[in-house]
Amino acid sequence: MNLTSLDSHTVDLDLLPEAPVVMDVGARNFQFARLILETRPNARVYAMDPDRAIADPGIAGLSFLNMALVADEKTQSGYASYSTGEGNFLTDSPVWYADVYQVPCVNIQTLMRDLGVAHWDLVKLDCEGQEFPILEDWPGPIATQVSVEFHDHVTPGRWSAEYFRGLWKRLPDYRIVQHEPTQVGPAGVVGHWDSLLALNS
């Protein structure tokens with residue numbers, strides 16, 4: 001095992017082949033994708049972010065997908081965008097403190113079919129609460145490792161050991177390599193985790 005942090009997301013470099021197929025969900029500044037390409041120059045990286053202010057950076061080896069990853073079949077969703085771009089999230093409700101506009105969406109099975117990807121070597125999920133439903137409906141052993149930043153701004157009930165025990169049971173093909181709190185809010189409530197799931201060998 002060779003755990004390393006790439007833009008605050010833990011990855012096991014020993015599980016990355018020389019030419020990995022990588023999905024970067026929540027690409028924003030493309031720093032994670034750049035670090036993957038520095039580490040594995042022959043990687044094929046699909047960087048996904050729905051923010052309309054983000055443009056294709058034109059990086060060799062990277063394909064930019066200006067859309068959101070979701071767990072269901074919907075093809076459009078509201079997207080709440082702050083002026084800073086940090087913490088933007090999908091929502092189907094009006095949000096008084098952010099600009100809300102429609103963005104295209106796709107689930108991971110449809111995306112894999114459309115891209116012709118049979119298996120991911122690495123999936124990074126940093127999608128402001130969407131990681132919960134995406135992993136709750138994860139379609140089996142489709143990735144060798146999944147690096148997740150868990151955070152939820154709407155349902156604090158998910159910030160519990162009980163919730164995560166239930167989630168891990170829904171992912172029997174994976175072992176939990178890391179699940180560490182990285183941000184603690186008022187009264188000691190954990191709001192973010194840096195987590196790594198690896199396919200059972």
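Strand β6 and helix α2 each supply at least two residues of the lining of the largest cavity. Helices (H or I, at least four residues) and strands (E, at least two) are DSSP runs, numbered from the N terminus. The model is predicted, and local features need pLDDT of at least 70, side-chain atom pairs count only at pLDDT 80 or more, and totals for chains, interfaces and linings use all residues. Residues are numbered from 1 along each chain as its sequence is written, and side-chain values use heavy atoms, with hydrogens and water left out.

A search of the whole structure finds 1 cavity of 30 Å³ or more. On a 1 Å grid over the protein atoms alone, a cavity is a set of points where a 1.4 Å probe fits but cannot get out, whereas a pocket is an open set with protein on both sides within 12 Å along at least five of seven lines; lining residues have an atom within 4 Å of a point. Grid points are joined across faces, edges and corners, and a volume is the space filled by probe spheres set on the points. The largest cavity holds about 70 Å³ of space. Its lining consists of Leu69, Val70, Ala71, Asn107, Ile108, Gln109, Ile134, Asp137, Trp138 and Pro139, of which 7 are nonpolar, 2 polar and 1 charged. Here Ala, Val, Leu, Ile, Met, Phe, Trp, Tyr, Cys and Pro count as nonpolar, Asp, Glu, Lys and Arg as charged, and the others, Gly among them, as polar.

The largest pocket contains about 490 Å³ of space. It is lined by 29 residues, and those closest to its centre are Gly26, Arg28, Asp49, Asp126 and Glu128. At least two lining residues come from each of β6 (68-70), β8 and β11 (145-151). By class, the lining of this pocket comprises 12 nonpolar, 9 polar and 8 charged residues.

The largest nonpolar core has 33 residues, and Met23, Trp120, Leu125, Leu135, Trp138, Val146 and Phe150 touch the most other members. At least two residues of this core are supplied by each of β3 (21-25), β4 (44-48), α2 (108-115), β10 (122-125), α3 (131-136), β11, α4 (161-169) and β13 (190-199). The largest share, 4 residues, comes from α4. A nonpolar core is a set of buried Ala, Val, Leu, Ile, Met, Phe, Trp, Tyr and Cys residues joined through side-chain atoms within 4.5 Å. Buried means under 20% relative accessible area, exposed over 50%, and partly exposed in between (1.4 Å probe, protein chains only). Leaving aside neighbours within four places in sequence, Leu135 is in contact (heavy atoms within 4.5 Å) with Leu125, Val146, Val148, Phe150, Leu167 and Leu171.

Strand β7 (residues 76-81) is largely enclosed by the rest of the structure, because 5 of its 6 residues are buried. Two strands pair if DSSP finds at least two bridges between them. β7 pairs with β9 (residues 99-107) in the antiparallel sense over 6 bridges, and Gln76 stands opposite Pro104 in β9. β7 also runs antiparallel to β8 (residues 89-91), to which 3 bridges join it; Tyr79 has Leu90 in β8 as its bridge partner.

Most residues other than glycine have a negative phi. Asp7, in the loop between β1 (3-6) and β2 (9-12), has a positive phi of about 50° although it is not a glycine. Asp7 counts as partly exposed, at 32% relative accessibility. Ser8 is also placed in the loop between β1 and β2, and its phi is positive, near 70°.
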